[in-house]
Structures are given as structure tokens and as C-alpha cells.
2 protein chains.
Amino acid sequence: MSRWPDGAAERLHAAAMELFAEQGFAATTVPQIAQRAGLTTRSFFRWYPDKREVLFTGEDELPDVVAAMFASAPSELSPMDCIRRGFRDVVSARFERLRPELLARWHVIRTDEGLLERQSRKLAILHEASVRGFRFRGLAPLEADLAARLAVTVFDAAAARWLERDDAVFADVADEVCSELSAVVRGGQG
Amino acid sequence: MSRWPDGAAERLHAAAMELFAEQGFAATTVPQIAQRAGLTTRSFFRWYPDKREVLFTGEDELPDVVAAMFASAPSELSPMDCIRRGFRDVVSARFERLRPELLARWHVIRTDEGLLERQSRKLAILHEASVRGFRFRGLAPLEADLAARLAVTVFDAAAARWLERDDAVFADVADEVCSELSAVVRGGQG
């Protein structure tokens with residue numbers, strides 16, 4: 001898919017996000033999106049299979065981001081420290097840069113049960129990539145599965161909190177979530 | 001919905017599960033299900049909104065099962081011990097009784113991306129009910145959210161392992177998953 005700023009995919013994406021914000025996801029049609037972008041309905045389907053997928057653009061880059069998290073982690077780190085460091089040093093910069101887009105998407109996704117279900121596929125991709133990362137670091141299958149689920153938990157919980165607060169810094173929120181998660185597992189009740 | 005063993009809902013359910021197993025979920029139509037059950041297509045839609053929902057019957061009972069887990073847990077238990085005990089003492093008996101049905105569903109759900117997405121809604125219901133349980137036990141919002149995510153993690157990881165192994169006992173698998181999860185968070189790398 002073209003990533004040029006004036007490309008058709010980007011114009012369709014911008015038009016769709018505008019319409020979702022103005023009139024809601026359910027009420028927006030593909031012909032409306034195409035018209036707003038000054039393109040044909042047919043050209044929309046050249047770039048996106050349906051209007052839902054506009055909200056998940058870039059998902060195919062996720063495994064590479066996760067792989068980068070693991071590739072740059074010192075081998076002696078524990079799984080939780082590996083997760084903590086990955087979100088702080090690798091994911092954070094990307095997230096802060098994409099904040100306006102992620103916030104706009106989240107405002108749409110949270111309104112629709114079907115979109116929340118679709119969002120779970122994104123988390124499944126993150127889980128699979130994390131399992132590969134932890135297996136590569138020598139964890140047994142069950143350990144790697146559970147460590148990957150913890151990574152998804154931190155990602156999902158931290159992203160929601162970060163997007164809900166105007167002045168939040170993703171690295172700090174992810175750090176806080178990691179610490180609280182460890183405390184809960186160790187048995188602290190607050 | 002009627003729960004009588006000879007009721008229309010149960011006949012439609014049994015017919016649908018047979019057809020999903022025989023010819024796959026995607027190839028099965030609502031008219032086929034109704035015909036196999038000796039009923040009309042119209043009567044199918046009186047009981048189920050679509051063929052997908054046949055695989056999620058009983059989901060509305062989930063919040064009560066989770067509430068029972070929390071209601072019977074001694075107040076001094078840590079969150080992880082509360083989860084461990086709940087799966088061992090409350091969920092386990094129910095799961096062993098439903099094993100053939102859960103296994104049949106899982107064989108269908110795992111074959112279809114859309115069904116796996118739909119399955120995530122079930123996990124979201126479990127998460128919400130667990131948040132309420134942990135809040136009631138006095139946990140702060142972030143702690144309750146994370147403890148509930150751990151409960152979902154244990155549920156999902158343990159259920160998959162239990163269904164994959166012919167001779168597995170759910171209580172034992174859930175116990176093992178809880179122990180491994182604690183070990184991973186504490187920093188053991190195997």
C-alpha cells in the first residue's frame with residue numbers, strides 16, 4: 001500500500017476518519033468516504049476490503065515492532081523486565097508520534113461491539129509475535145505463552161489509560177501498569 | 001430461552017453442532033440447521049439471531065458464575081489466590097460436566113477468524129464481571145482491572161490446554177497455569 005502523504009489510501013483514510021467522527025461508524029458508507037476523498041467507490045476497494053479495515057491500517061507492521069522490542073533486549077532480562085523495557089524504549093516513541101491518529105481510532109472503536117471484536121485480532125497478532133520473541137529467548141512453551149499474554153495485558157491496559165488522559169506519557173503509564181501487575185501477582189491488595 | 005432437553009432451542013443447537021462438525025461452520029446454512037432439526041428457518045431465528053450465536057449459548061450465565069467465584073472466596077485471599085481458588089472450586093466442576101460440548105465448540109471456533117473475534121466478547125464479559133468482583137473485595141480500579149485481566153489470562157490459557165489434552169483435569173491445569181504465571185512475573189526464566 002502506498003504511504004505517500006498525498007496518496008489515494010491516505011486521502012481515503014483521512015476522509016473515513018472525518019466521517020466516522022462526524023456521523024459515527026455505523027452511519028458512514030463506503031460511497032460517502034470515496035466521495036469525500038474525491039475518488040470512486042471502486043478505488044476505495046482497491047485499498048481497503050471494507051470501512052472497518054481503515055481503523056486497523058498499519059497492523060501488518062506490528063510483528064516487526066515486536067520483533068525489534070525483543071531483538072534489542074539484553075539477554076539477561078527477566079520476562080517482565082523485557083516487557084517493561086520494550087514498551088518504554090521501543091513502543092513508546094512510536095506511540096507518542098501516532099497519538100492523534102490512535103486517539104481518533106480509539107474514539108471510534110470503543111463505540112462499536114464489532115470493532116472491539118476486530119481489535120482483539122490485533123491483540124492476537126501482538127500475542128503471537130511476543131510468543132516467538134520469548135521462545136527465542138529460551139522460555140518453555142507455556143512460559144512463553146503466559147509472558148506473551150502479560151505483554152498483551154500491559155499493552156492493552158496501558159494504551160487505554162494513556163489515551164484517556166490528555167497529559168499522559170505512554171512510557172510512564174506502561175511502567176506503572178507493569179509495577180501494579182507485579183504487585184497484584186505478588187499478592188498485594190493495595 | 002427454554003432449557004428443556006426436548007425443546008426447539010436444544011434440537012436446533014444439536015443439529016447445528018452436527019452440521020458444523022460434518023461440513024464446517026462456513027458451509028453450514030440456517031435452512032440446513034432448521035431442516036436437520038425438523039423445524040422451520042423462521043423458528044431458528046426465534047431462538048438464535050444467527051448461526052454464530054449457537055456456539056455461544058449459555059454465555060449470559062457467565063457473570064453469575066464469576067459472581068459465585070467471588071462470593072464464596074474468603075476475604076483474606078490475595079488476588080492470585082482468589083483466581084486460583086475460583087477456578088479450582090467453582091469453575092472446574094462446571095467445566096468437567098460441559099467438556100464434550102466445550103470441546104465440540106472449540107473445534108469449530110478455532111477454525112474461523114470471525115468466531116475467534118466473537119470469542120473475545122466472551123472474554124470481555126468475564127473481564128467485566130471479574131473487575132466488579134475485585135472492586136467489591138476492595139481493590140483500587142487499576143489493581144482490579146489488572147487482576148481481572150489475569151483471571152481472563154488464566155481462564156483462556158487453561159481452557160485451551162485442558163481441551164487439547166484428552167486426560168487433563170481442568171482444576172490441575174488452571175493450578176499449573178497460575179503457578180507458572182506467578183513464576184514468570186517474579187522473573188524466573190525456567
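Start with one pair. R121(B) and E117(A) join their side chains in a salt bridge, 2.7 Å from N to O. By salt bridge I mean a side-chain nitrogen of Lys or Arg within 4 Å of a carboxyl oxygen of Asp or Glu.

Some ground rules. This is a predicted model: local features need pLDDT of at least 70, side-chain atom pairs count only at pLDDT 80 or more, and totals for chains, interfaces and linings use all residues. Residues are numbered from 1 along each chain as its sequence is written, chains are lettered from A and ligands numbered from 1 in the order in which they are written, and side-chain values use heavy atoms, with hydrogens and water left out.

Back to the interface. How many salt bridges cross between chain B and chain A? The rule finds 10. Which helix of chain B gives the most to the side that touches chain A? That is α7(B), with 11 residues. Helices here are DSSP runs (H or I, at least four residues), numbered from the N terminus.

Now the totals. In contact (heavy atoms within 4.5 Å) are 36 residues of chain B and 37 of chain A.

Last, symmetry. Chain B superposes on chain A by a rotation of 180° with 0.0 Å of shift along the axis, RMSD 0.0 Å.

Terms used. Helix = DSSP H or I, 4+ residues; strand = E, 2+ residues; numbered from the N terminus. Least-squares fit on C-alpha atoms with pLDDT ≥ 70 in both.
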